[in-house]
Amino acid sequence: YISLSYATLVCGNCLNFIIIPIVSATWTPPLYAWYPCNMSISICYWSCYLHQSTGFLTIGAVHVACETLVTGFILQICAQLEVLNHRVLSINLKIQNLALREKDKNKIFLYESFLTNACITDHNSILKFAELLSETFLQVLFIQFCASLSVIGTSIYLLTTIKVYSADFVITTLYLICLLNQMLLYCWYSNQVLLNSRELFRSIYNTDWITLHSKTQKTLLLMMLMASSPIQLFKGAIIKVNLDAFLNVLKFSYSAFNILKNPSKDLN
């Protein structure tokens, strides 16, 4: 839902940049640029307009694809954690079903070991994938967050200088909303990974581990110790990528807007 809303916002923002120059009193291209022709000529204007409009839509589509690629990887971690939680909680049920058909305790113990070892293997794979994802996109995310914070401040300053309900005000507002939604993508899904990894610790504890073999109990205890530290993606970023970070960005945006809107009042 968030990814679709983000794609809708980006497309809407691009369409605003494209449509507003046409409906305005003076026809101008979406962007100020130099072209080797007279813009007052109809064919020249529409050629430039088509060139810039195609560029806007292409950049918007590529931008959405790049942002949703990373969030898709994060969603994969969330899904794998949910599957692992279900597998951990179903260990006792599978062993009980086997015990109804099999009386050999050695075979039951081997099946216990197989189930618990499979869960540990899956957990290790999830941890390795989360670490690889963080290392791969850490620098990109760091630069993006730094740039986003500066652009947010600039956009808020522009909102204080632009006439309300004007075309520029609408464009800047939509751009600011898109920027905040972009940060929400990473913060929301990274926070979901954090919650799912915490749920794994509770899932291991809620299993009926007392009825299991002592070696299986030790294996689950080791897995519980590993799950006691929840997965935090992009640890080296400028801020922790979770919902608390996004709320702090909103507070920063609101505070900056109030300060820039009434500077004289704040100084007094």
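C178 counts as buried, since its relative accessibility is 8%, and its sulfur lies 7.9 Å from the closest cysteine sulfur, that of C14, which is too far for a bond. The model in which these values were computed is a predicted one, and a search of the whole structure finds 0 disulfides in it.

**Cysteines**

- A disulfide is a covalent bond that joins the sulfur atoms of two cysteines.
- For a pair of cysteine sulfur atoms to count as a disulfide they must lie within 2.5 Å, and the 7.9 Å between the sulfur of C178 and that of C14 is therefore too far for a bond.
- C48 also has a computed accessibility, and at a relative value of 4% it counts as buried, because the cut-off for that class is under 20%.

**Overall fold and extent**

- Read along the sequence, the elements of the protein chain follow the pattern α-α-α-α-α-α-α-α.
- The C-alpha trace of the protein chain spans about 90 × 55 × 30 Å when it is laid along its principal axes.
- Of the contacts in the protein chain between residues at least 6 apart in sequence, 75% join residues that are at least 24 apart.

**Surface and charge**

- Buried residues account for 38% of the 268 residues in the protein chain.
- The accessible surface of the protein chain amounts to about 16000 Å², and carbon and sulfur atoms contribute 66% of that area.
- Among the side chains of the protein chain, 17 are positive and 13 are negative, and the centres of these two sets lie 4 Å apart.

- Leaving aside residues up to four places away in sequence, N191 touches V241, N242 and L243.
- A99 is found in helix 3, which covers residues 91-101, and its relative accessible area of 29% makes this alanine partly exposed.
- The C-alpha atoms of A99 and Y6 are separated by 51 Å, while the two residues are 93 residues apart along the chain.

Note on methods
Residues numbered from 1 in each chain as written. Predicted model: local features only at pLDDT ≥ 70, side-chain atom pairs only at ≥ 80, totals over all residues. Heavy atoms only, no water. Helix = DSSP H or I, 4+ residues; strand = E, 2+ residues; numbered from the N terminus. Buried < 20%, exposed > 50% of the residue type's maximum accessible area, 1.4 Å probe, protein only. Contact = heavy atoms within 4.5 Å. Areas by Shrake-Rupley, 256 points an atom, 1.4 Å probe, with all protein chains shown as cover. Lys, Arg positive; Asp, Glu negative; His and termini not counted. Charge placed at Lys NZ, Arg CZ, Asp CG, Glu CD.
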